[in-house]
2 protein chains.
Amino acid sequence: MCSEPTIKRLSVYHKYLKEVEASGQEFISCTKIAKNLHLLPIQVRKDLSITDIVGKPRVGYHIKDLRDSLDRFLSFGKGVKACLIGAGNLGYSLLRYKGFDEYGLDIKFVFDNNPDKIDTYIDGHQVLDIKNMAEHLSKTEIDVGVLTVPRVYAQTLANKLVECGVKALWNFAPIRLLIPQNVVVKHENIAGSFLVLASRIKQIR
Amino acid sequence: MCSEPTIKRLSVYHKYLKEVEASGQEFISCTKIAKNLHLLPIQVRKDLSITDIVGKPRVGYHIKDLRDSLDRFLSFGKGVKACLIGAGNLGYSLLRYKGFDEYGLDIKFVFDNNPDKIDTYIDGHQVLDIKNMAEHLSKTEIDVGVLTVPRVYAQTLANKLVECGVKALWNFAPIRLLIPQNVVVKHENIAGSFLVLASRIKQIR
DNA sequence: CACTAATCGATATTTTTTTATCTATTTAAA
DNA sequence: TTTAAATAGATAAAAAAATATCGATTAGTG
Ligand SMILES: NC(=O)c1ccc[n+]([C@@H]2O[C@H](COP(=O)([O-])OP(=O)(O)OC[C@H]3O[C@@H](n4cnc5c(N)ncnc54)[C@H](O)[C@@H]3O)[C@@H](O)[C@H]2O)c1
Ligand SMILES: NC(=O)c1ccc[n+]([C@@H]2O[C@H](COP(=O)([O-])OP(=O)(O)OC[C@H]3O[C@@H](n4cnc5c(N)ncnc54)[C@H](O)[C@@H]3O)[C@@H](O)[C@H]2O)c1
C-alpha cells in the first residue's frame with residue numbers, strides 16, 4: 001500500500017491543507033507544501049501520488065480535491081473500536097485527546113486494576129475493573145487494545161487481549177511484545193525517542 | 001553513529017537485559033534475546049555490535065558487561081536540560097513519567113499561558129508564566145524545548161525557543177516545524193501512528 | 001502568439017536499513 | 001581427545017525509503 005513514514009506525513013499534509021483551505025486559496029504546489037513543512041518537494045510529490053488527484057503543472061493541486069482525497073485515504077481509522085488498559089498518566093492523556101476523533105478511533109472500554117480508579121469517569125469513559133475485561137470483550141468485538149500500563153504488566157495483558165480476540169495492539173510500554181503473527185502490533189517508544197533526540201544533539205556538537 | 005531504529009531497539013535491549021540480569025543469569029545469546037523480543041537474531045547482533053562487547057560463540061554475551069556497555073552508550077541523555085511548554089494532558093503525563101530520569105532528562109522549567117495553571121505544581125515542577133520564558137532561559141541554558149501545546153501555537157513557540165538558544169526541539173504537536181538547520185527537531189506524531197496501525201489492520205483483512 | 005519559468009509525473013539513482021550467507025570459534029558431549 | 005552443534009562476527013545481498021533526473025505541460029509575460 002504505502003510506507004509507514006508516508007502515512008505519517010500524509011496525516012501532516014492533511015492537517016496543513018485544511019489550514020490553507022481555510023485561508024481561501026484554491027491551488028497549492030508541492031514546492032510550497034514542502035517549503036512550509038520543511039520537506040523536499042520530491043518527497044511531497046511522491047507521497048501525494050498515492051491519491052487519485054493529478055496536479056496541474058505550474059499551479060499544483062486543487063486544494064479541496066486533494067484534501068478530499070486524503071480524507072478518503074486516511075479513513076481507515078474510521079470505526080476502529082478500541083479498549084484502553086491502564087488509566088494512568090498516559091492513558092488519561094490519550095483518553096482526553098480530541099485529535100483521535102478526527103480519524104475515527106472509538107474507545108469503547110477503559111480498564112484498570114486500581115480500586116481508586118475503577119468506576120471513576122475520564123472524559124465520559126467509565127473506568128472498568130480489569131477483572132471483567134474478558135466478559136466485556138466477549139460482548140463487544142474490539143479491534144485494538146491500547147496498552148498504557150507499566151512495563152512489567154504489558155506482556156501478560158497483551159496475552160489476555162489476544163485471547164479475547166483483538167486484531168491489534170498499540171503498545172506504549174517500553175517492551176517488545178511476544179505476540180502471534182496474525183496480530184498487528186505497533187510499539188510506541190517515547191523514552192527511546194528521547195534518546196534519539198539526545199544522540200543527535202551530541203552529534204552536532 | 002547509528003540509526004534511529006537501532007537506538008530505539010538498544011533502549012529496549014537495555015531494559016530487557018536488566019530484567020534478565022536480575023534473574024541471575026550470566027550469559028545470553030542473540031538468539032535468545034531475539035526470541036524474547038520478537039526480532040531476528042541477525043538484527044540483534046548487528047545492533048549490539050556498536051558496543052565494545054564481544055560475545056563468545058556457543059554462549060553469547062556476558063550480560064553484566066553488555067548492560068554496562070549499553071549504560072555507557074545510552075548515556076547521551078545524561079544531563080540534557082529541557083523545558084516543557086504546555087502543561088496540558090500530554091505535558092502533565094510526560095512530567096510525571098519516571099522513565100526519563102533513567103536516561104538523565106532534566107526538566108528545568110515548565111511554562112503555560114493559562115492563568116489557572118500558572119503557579120500550580122506538577123510533580124514538583126512549578127508551572128511558570130510563558131511570558132517570562134525568555135527571562136528564565138537567559139539565566140539557565142536549556143538544551144531541549146519540549147512542545148506539548150495545541151498545534152496552532154507550536155510554530156510560534158518553537159520560534160521563541162530558538163531565539164532563546166535551544167539546541168533542539170521535541171515536538172508532540174501534529175505539525176512539522178520550520179526551524180533553522182542547526183536546530184535539531186524530533187517530531188512525535190502519535191495520531192499519525194494510530195493511522196499506521198489502522199492501515200495495517202485494514203491490510204490483513 | 002511565442003517564449004519563459006515553474007512544476008508535475010514517470011523513471012532512475014542513491015542511501016539507509018534489514019536480512020542472509022559464510023567462516024571461525026568455542027563449548028559441551030561423545 | 002575428538003567431534004558436533006551453536007553462535008559470533010564479517011561480508012554480501014535484498015528491501016525499503018529518500019532523493020535526483022528529465023521530458024511534458026501549462027500559466028503568465030512580452
Ligand atoms: N507517562 C508518560 O508520559 C509515558 C512516556 C513514555 C512511556 N510511558 C509508558 O506508558 C506506560 C504507562 O505510563 P504511565 O506514566 O501512564 O504510568 P501510570 O503508573 O501512571 O499508569 C499505569 C496505569 O496502569 C494501571 N495498571 C497497572 N497494572 C494493571 C493491570 N494489571 N491491569 C490494569 N491496569 C493496570 C495502574 O493502575 C495505572 O492506572 C508505562 O509502560 C510507561 O513506561 C509513559
Ligand atoms: N493528549 C494526547 O494524548 C496527545 C496525543 C497526540 C498528540 N497530542 C498533541 O500534543 C499537544 C498537546 O495536547 P494536549 O492533549 O496535552 O492538549 P491540552 O489542551 O490539554 O494542553 C495544551 C496546553 O498548552 C497550553 N498552551 C496553549 N497555548 C499556549 C501558549 N501560547 N503558551 C503556553 N502554553 C500554552 C494550554 O494552556 C494547555 O495547558 C497537541 O498539539 C496535541 O495535538 C496530544
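This is a predicted model: local features need pLDDT of at least 70, side-chain atom pairs count only at pLDDT 80 or more; totals for chains, interfaces and linings use all residues.
## Getting started

Helices (H or I, at least four residues) and strands (E, at least two) are DSSP runs, numbered from the N terminus.

Residues are numbered from 1 along each chain as its sequence is written, chains are lettered from A and ligands numbered from 1 in the order in which they are written, and side-chain values use heavy atoms, with hydrogens and water left out.

## Chain A as a whole

Chain A has nine helices and nine strands. Its C-alpha trace spans about 60 × 45 × 35 Å along the principal axes. Of its 205 residues, 53% count as buried, meaning under 20% relative accessible area, with exposed over 50% and partly exposed in between (1.4 Å probe, protein chains only).

Domain bounds here come from an automatic or database domain assignment. That assignment gives chain A domain 1 (4-73) and domain 2 (80-192), and the C-alpha centres of these two domains lie 33 Å apart.

Strand β7 covers residues 144-147 of chain A. A:Val144 and A:Val146 point one way from this strand, A:Gly145 and A:Leu147 point the other way, and all are buried.

Two strands pair if DSSP finds at least two bridges between them. Strand β3 (residues 81-85) of chain A runs parallel to β7(A), joined by four bridges, and A:Ala82 stands opposite A:Val144. Four bridges also join β7(A) to strand β8 (residues 168-171) of chain A, again in parallel; there A:Trp170 is the bridge partner of A:Val146. Together with helix α8 (residues 151-163) of chain A, β7(A) and β8(A) make a right-handed β-α-β unit. Right-handed says that, with the strands pointing away from the viewer, the path from the first strand over the helix to the second runs clockwise.

## Back to A:Lys186

A:Lys186 counts as buried because its relative accessibility is 6%. Its side chain makes a polar contact of 3.1 Å with that of A:Glu4. A polar contact is a pair of N or O atoms within 3.5 Å; within protein, one must be able to donate a hydrogen and the other to accept it, and residues adjacent in sequence count only if both atoms are side-chain atoms.

Contact in the wider sense means heavy atoms within 4.5 Å. Leaving aside neighbours within four places in sequence, A:Lys186 is in contact with residues including A:Trp170, B:Ser193 and B:Arg200.

## Around ligand 2

A residue is near a molecule or strand if one of its heavy atoms lies within 4 Å of it. By that rule 24 residues surround ligand 2, the closest being A:Tyr97, B:Leu90, B:Asp112, B:Lys117 and B:Val149. These residues come from chains A and B, so the site is shared between chains.

An oxygen atom of ligand 2 is 2.5 Å from a side-chain N or O atom of B:Asp112, and a nitrogen atom of the ligand is 3.0 Å from one in A:Ser93.

## Around DNA strand D

Of the 23 residues around DNA strand D, those that come nearest are A:Arg58, B:Cys30, B:Arg45, B:Val54 and B:Gly55. Sugar and phosphate account for 71% of the atoms of this DNA strand that come within 4 Å of the protein.

A polar side-chain atom of B:Arg45 lies 2.3 Å from a phosphate oxygen of DNA strand D, and a polar backbone atom of B:Gly55 is 2.8 Å from a phosphate oxygen. The largest share of the surface near DNA strand D, three residues, comes from α3(A).
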